[in-house]
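Hi,

Here is the structure I promised to pass on.

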Amino acid sequence: MRYWLMKSEPDEVSIDDALAAPDQTVPWTGVRNYQARNFMRDAMRVGDGVLFYHSSCAEPGIAGLAEVASTPYPDPTQFDPTSRYYDPKAGRENPRWMLVDVRATEKTRLMTLPELRDLPELSDMLILKRGNRLSITPVTPGEWRCIITHLRK
């Protein structure tokens with residue numbers, strides 16, 4: 001089992017939106033970074049743990065827990081000319097962008113970025129590295145355990 005931190009802007013899809021969705025599951029659309037896409041396409045497996053992170057908001061941080069709920073498949077927004085994620089270079093026969101479905105399992109208290117930075121056990125966590133802007137990053141088992149422990153306090 002692997003673990004991931006997946007960022008979502010809460011005005012696009014929040015943990016509350018995911019929990020209210022059918023089967024508490026949302027497609028993780030709109031990823032337009034090749035490394036993040038490759039994580040979904042090549043490394044994620046159904047059942048992997050997800051830290052649901054709210055970004056680009058007043059108070060960014062981990063807002064809930066989720067799990068990968070599907071194998072990767074083409075992101076339909078790449079084919080929709082009315083979508084802000086439209087990619088004219090993507091073809092249905094050769095899609096450029098993939099996604100996975102994510103099933104929300106729990107809303108947690110908000111674990112903020114400063115709180116994450118204050119934990120020495122997380123000093124190597126990718127989200128805390130200067131200049132990291134990836135929307136999806138791997139999380140080590142140790143980082144996962146540390147975060148889960150602090151979320152439960």
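How many aromatic pairs does a search of the whole structure find? The search turns up 4 aromatic pairs; rings of Phe, Tyr and Trp (its six-membered ring) pair if their centres lie within 6.5 Å, and planes under 30 degrees apart count as stacked, over 60 as edge-to-face and the rest as tilted. One of them is a stacked pair of tyrosine 3 and tryptophan 144, with 4.5 Å centre to centre and 25 degrees between the planes. Tyrosine 3 sits in strand β1 and tryptophan 144 in helix α4 (residues 141-151), so this pair ties together parts that are 141 residues apart in sequence. Both tyrosine 3 and tryptophan 144 are buried (buried means under 20% relative accessible area, exposed over 50%, partly exposed in between, with a 1.4 Å probe and protein chains only). Another pair, tryptophan 28 with phenylalanine 52, is edge-to-face at 5.3 Å centre to centre and 85 degrees between the planes. Tryptophan 28 belongs to the loop between β2 and α2 and phenylalanine 52 to strand β3, so the pair ties together parts that are 24 residues apart in sequence. Tryptophan 28 and phenylalanine 52 are buried too.

Before you go further: this is a predicted model, where local features need pLDDT of at least 70 and side-chain atom pairs count only at pLDDT 80 or more, while totals for chains, interfaces and linings use all residues. Residues are numbered from 1 along each chain as its sequence is written, and side-chain values use heavy atoms, with hydrogens and water left out.

Next, helix α2. It covers residues 34-43, and Ala36, Arg37, Phe39, Met40 and Ala43 are buried in it (helices, H or I with at least four residues, and strands, E with at least two, are DSSP runs numbered from the N terminus). Those buried residues pack against β1 (3-8), β6 (98-99) and β8 (136-139), with contact meaning heavy atoms within 4.5 Å. At the start of α2, a side-chain oxygen of asparagine 33 comes to within 2.9 Å of the backbone nitrogen of glutamine 35.

Which side chain of opposite charge is nearest to arginine 37, and how far away is it? That is aspartate 42, 6.5 Å away, and arginine 37 is buried yet has no salt bridge (a salt bridge is a side-chain nitrogen of Lys or Arg within 4 Å of a carboxyl oxygen of Asp or Glu; Lys and Arg count as positive and Asp and Glu as negative, while His and the chain ends are not counted). Arginine 37 does lie over the face of tryptophan 97, at 5.8 Å from the ring centre (a charge sits over a ring if NZ of Lys or CZ of Arg is within 6 Å of the ring centre and within 35 degrees of the ring normal). Leaving out residues up to four places away in sequence, arginine 37 touches Val31, Arg96, Trp97 and Met98.

On to the salt bridges: the structure holds 10. In one of them, arginine 84 meets glutamate 12 (3.4 Å, N to O). This pair links distant parts of the chain, 72 residues apart: arginine 84 is in the loop between β5 and β6, and glutamate 12 in the loop between β1 and α1 (15-20). Arginine 84 counts as exposed at 63% relative accessibility, and glutamate 12 as partly exposed at 31%. Arginine 41 and aspartate 42 also meet in a salt bridge (2.8 Å, N to O), as do arginine 109 and glutamate 115 (2.6 Å, N to O). Asp23, Glu67 and Arg103 are linked in a network of salt bridges.

Aspartate 23 lies in the loop between α1 and β2 (25-27) and is exposed, at 55% relative accessibility. Serine 56, another residue other than glycine, has a positive phi near 50 degrees. You will find serine 56 in the loop between β3 (49-54) and β4 (61-68), exposed with a relative accessible area of 61%.

Cheers

How values were computed: Polar contact = N/O pair within 3.5 Å; in protein donor to acceptor, adjacent residues only side chain to side chain.
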